[in-house]
Amino acid sequence: SPWTVETARREAQRLLGQIHNGADPASARDRRRAEPTVADVLDRYLSEHVGAHNRASTGREAERQVATNIKPALGAFRIGALTRADIKRWHATFSDRPYEGNRALAYLRKALALAHREWELRGDNPAQGVKLFPERKRERFFADAELARIGFALAELEASGDFPEGAVRTARLLALSGMRLGEVMAVQWGWIDFDGGCVRLPDAKAGARTVPLGGAALAYLSTLERVGDFVCCGVEPGKPLSQSAFRRLWIALRDRAGLINARPHDFRHTVGTFSAATGANAFQVRDILGHKTLAMTARYVERDINPLRKTADAVASRIGAALSGGRAEIIEGAFKPKVGAIK
């Protein structure tokens, strides 16, 4: 044993001193042994909080983060023994995946906040104050050539039969609709209005909303076999596709199409960018994408300057002609007064 007689005597004297002052070291030891682990707290967080207060899509992401990123590293800690330094060391392991690390930290912080304030399992929240990684704002969207490669690669993967049909459907609907991944995976046949050309989502990120569907999306949906309630069902017809099943398809699709730094969410950026390029205003793009505010939509409208230039041309032509006493016609970025204008 690493304990010598002398060190054992010193420890005994320390414990006797505590007992003399009214403490109970044995009870404190038993309390520590009975104290829940971080894994126990995370399970309680999922069952009592996420299940009752969050949407199903949020719940699935919380379960993934807990099972994949948090429990393996921190689950064995007793809730009272977990320190901010432990959390910082764990968070630092995501330096090459800053977005994933920040999302995992957010879920852990919420679970520990409940343990502190509501369940009174510890006196503070050690995740509070841990600095997030800086995240670069992504503006990526797919060019026409990239979309052609994606379509070709997706057809090959579908023909291979190596991936669930629901995963292939999810990829196509992401590209054609501009919906979020969780929205596409949750769509049920009963929500689709073929006559109205839309899908009515009862619960999206910003609440219930109606998503307009273009002709290509409606035509594709009309060709699909209906198996169960979900359009993008998993292996079991009555259940939606799992995140892991789609992730497997996406990695194969990304590699086969030769996409660099691409995510499924970039389909949504593509729809927003192409919508602005048609001349749609910020209100229209907002409604297509289901954003809460125009601030989220402005980046798409600003990205394509041609619709704004046409508007500026029309306004400048009209005012310029009025100032010169005549009418104006637009000529590719400039105005030219009609012949016979009053000088």
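This is a predicted model: local features need pLDDT of at least 70, side-chain atom pairs count only at pLDDT 80 or more; totals for chains, interfaces and linings use all residues.

User: Ok, and what does aspartate 124 form a salt bridge with?

Analyst: The partner of aspartate 124 is arginine 122, and the closest N and O atoms of this salt bridge are 2.8 Å apart. Arginine 122, at 14% relative accessibility, counts as buried, because the cut-off for buried is under 20% relative accessible area.

User: How many salt bridges does the structure hold?

Analyst: The structure holds 18 salt bridges. One of them links glutamate 183 with arginine 180, where the closest N and O atoms are 2.7 Å apart.

User: Are glutamate 183 and arginine 180 buried or exposed?

Analyst: Glutamate 183 counts as buried, at 6% relative accessibility, and arginine 180 is buried as well, with a relative accessible area of 15%.

User: What about arginine 44, which residue does its side chain meet in a salt bridge?

Analyst: The side chain of arginine 44 meets that of glutamate 48, at 3.0 Å from N to O. The two residues are four apart in helix H3 (residues 38-53), so about one helical turn separates them. In general, an α-helix has 3.6 residues a turn, so residues three or four places apart point the same way.

User: And how accessible are arginine 44 and glutamate 48?

Analyst: Arginine 44 counts as partly exposed at 31% relative accessibility, and glutamate 48 is also partly exposed, with a relative accessible area of 42%.

User: Which residues are linked in a network of salt bridges?

Analyst: Glu61, Arg64 and Glu100 are linked in such a network.

User: Switching topic: how many residues does helix H7 have, and how far does it reach?

Analyst: Helix H7 (residues 144-160) has 17 residues and reaches 25 Å from its first C-alpha to its last, which is close to the 24 Å expected at 1.5 Å a residue. Just after H7, glycine 161 takes a positive phi of about 75°.

User: Which residues of H7 are buried, and where do they sit around the axis?

Analyst: The buried residues of H7 are Glu146, Ile150, Ala153, Leu154 and Leu157. They cover an arc of only 105° around the axis, so they lie on the same side of H7. On the other side of H7, the residues Asp144, Ala145, Ala148, Phe152 and Ala159 are exposed.

User: What covers the buried residues of H7?

Analyst: The cover includes helix H8 (165-177), helix H11 (243-257) and helix H12 (266-277).

User: Now the strands, what order do they take in the sheet?

Analyst: Three strands form an open sheet in the order E1-E2-E3, with antiparallel pairing. E1 and E3 stand at the edges with a single partner strand each, so one side of each is left without a neighbour in the sheet.

Methods:
Residues are numbered from 1 along each chain as its sequence is written. Side-chain values use heavy atoms; hydrogens and water are left out. A salt bridge is a side-chain nitrogen of Lys or Arg within 4 Å of a carboxyl oxygen of Asp or Glu. Buried means under 20% relative accessible area, exposed over 50%, partly exposed in between (1.4 Å probe, protein chains only). The expected span of a helix is 1.5 Å times one less than its number of residues. The arc is that of the directions from the helix axis to the C-beta atoms. Contact means heavy atoms within 4.5 Å. Two strands pair if DSSP finds at least two bridges between them.
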